[in-house]
Amino acid sequence: MSEKISYSQSGVNIDEGNKTVELIKEKVRSTYNSNVLGDLGSFSGLYSLKSFMGMKEPVLLSSTDGVGTKLKIAQLMDKHDTVGIDLVAMCVNDLICQGAMPLFFLDYIAVGKLDSQKARDIVFGIAEGCKQAECALVGGETAEMPGMYSEDEYDLAGFSVGICDKEKLITGENVKEGDAIIGIASSGVHSNGYSLVRKLFLDKLGWSLERPMEGYDCTLGDMLLRPTKIYVKLVRELMADCELKAIAHITGGGLIENVPRVLPKGMSASIKKDSWEAADIFSVIKELDMVEERELYRSFNMGIGLVMVVDKEIANKVIEKAMACGEKAFKIGEIAKGDEGVVLW
């Protein structure tokens, strides 16, 4: 008679999965609001739209994304409590580009070998991101996949749904020549460009993630793991009494690829490169002079995490309100006629 084997012998530990749920459930519940129905452990997440029945024509918006190879930095440093914030940010910052209020979020965690403490740190970060975005973490999935990932590897994916009254959607259709371009500071690299970052710092220069960054009071790893800023509260605050004509989340493709996505045909963005304070990591990268300038602006956010287009008459008001919300804001350019996309000068 052949020897019987168990699921755990194949590399999947159901008990560790149950332990993970116990560790995270209270933190997940802390993101709930009165619209969340049901509880953790259901086969699906339930969210009531009753609070939004007063909208003239409610529109649901959705976004999904991951964290990319920034996860490699987290795994090399064995520090997992911030990448969950990145995951939420990458989704909800896309939603608010069209004026949506994020409602709820779901996550997917794929691991080679489940470590309940590591999974707890990741989910705690996701919960923190949801709190910053004022949305509920209503569900998720943790998949243990031996053979697909090494024991220390994992990947993350997120999905979020938001809502906006159709008449208040931010579409970019009213952008015109002379409108002001406002840039909101990033916290650093955010969650795009890490393949180039690793190629530059780790492969080409051979720097350690523990390397102290002179003049910045942190290590290279700490600088690279700063979580992506979540701009939901800022945009909601500005929308209350300012017309935001267009918003671009500066992700993969940098300023050069993302700003044209929100401009109408025949309009381009003229952006002055030295009109904002660069985040410290970008000062380091520019000083190294190992990447062509246009490639930098096409790969990274270069210190600007969110771009907004407003009428030039309210540009100063928008900047002042953003600063009052604790964000660094700059007038970085203006809209011009033409199909050049982004013109850097």
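Okay, let's start with what I mean by a cavity: on a 1 Å grid over the protein atoms alone, a cavity is a set of points where a 1.4 Å probe fits but cannot get out, while a pocket is an open set with protein on both sides within 12 Å along at least five of seven lines, and lining residues have an atom within 4 Å of a point. For volumes, grid points are joined across faces, edges and corners, and we take the space filled by probe spheres set on the points.

A quick word on the model. It's predicted, so to speak of a local feature I need pLDDT of at least 70, and side-chain atom pairs count only at pLDDT 80 or more, though totals for chains, interfaces and linings use all residues. Residue numbers run from 1 along each chain as its sequence is written, and side-chain values use heavy atoms, with hydrogens and water left out.

So, how many cavities of 30 Å³ or more does the structure hold? One. The largest cavity has about 60 Å³ of space in it. Among the residues lining it are Ile109, Val111, Lys118, Ile122 and Tyr154. S4 and helix H4 (116–133) are the elements giving two or more residues to that lining, and H4 gives the most, with three. Helices here are DSSP runs of H or I with at least four residues, strands are E runs of at least two, and both are numbered from the N terminus. By class, the cavity lining has six nonpolar, no polar and six charged residues; Ala, Val, Leu, Ile, Met, Phe, Trp, Tyr, Cys and Pro count as nonpolar, Asp, Glu, Lys and Arg as charged, and the others, Gly among them, as polar.

Now the largest pocket, at about 770 Å³. It has 35 lining residues, and Gly17, Val21, Gly140, Glu141 and Thr142 lie nearest its centre. Which element gives the most to this lining? That's S5, with eight residues. The lining splits into 19 nonpolar, 12 polar and four charged.

On to helix packing. H4 comes back here: helix H3 (residues 83–95) packs with H4 at about 40°, axes 6 Å apart. Axes are lines fitted to C-alpha atoms, for helices over the stretch in contact, and angles run from 0 to 180 degrees between N-to-C directions. That makes H3 oblique to H4, since angles under 35 degrees count as roughly parallel, over 145 as roughly antiparallel, 65 to 115 as roughly perpendicular and the rest as oblique.

Leu234, Glu237 and Leu238 in H7 meet Val318, Lys321 and Ala322 in H11, where contact means heavy atoms within 4.5 Å. By class, that's four nonpolar, no polar and two charged.
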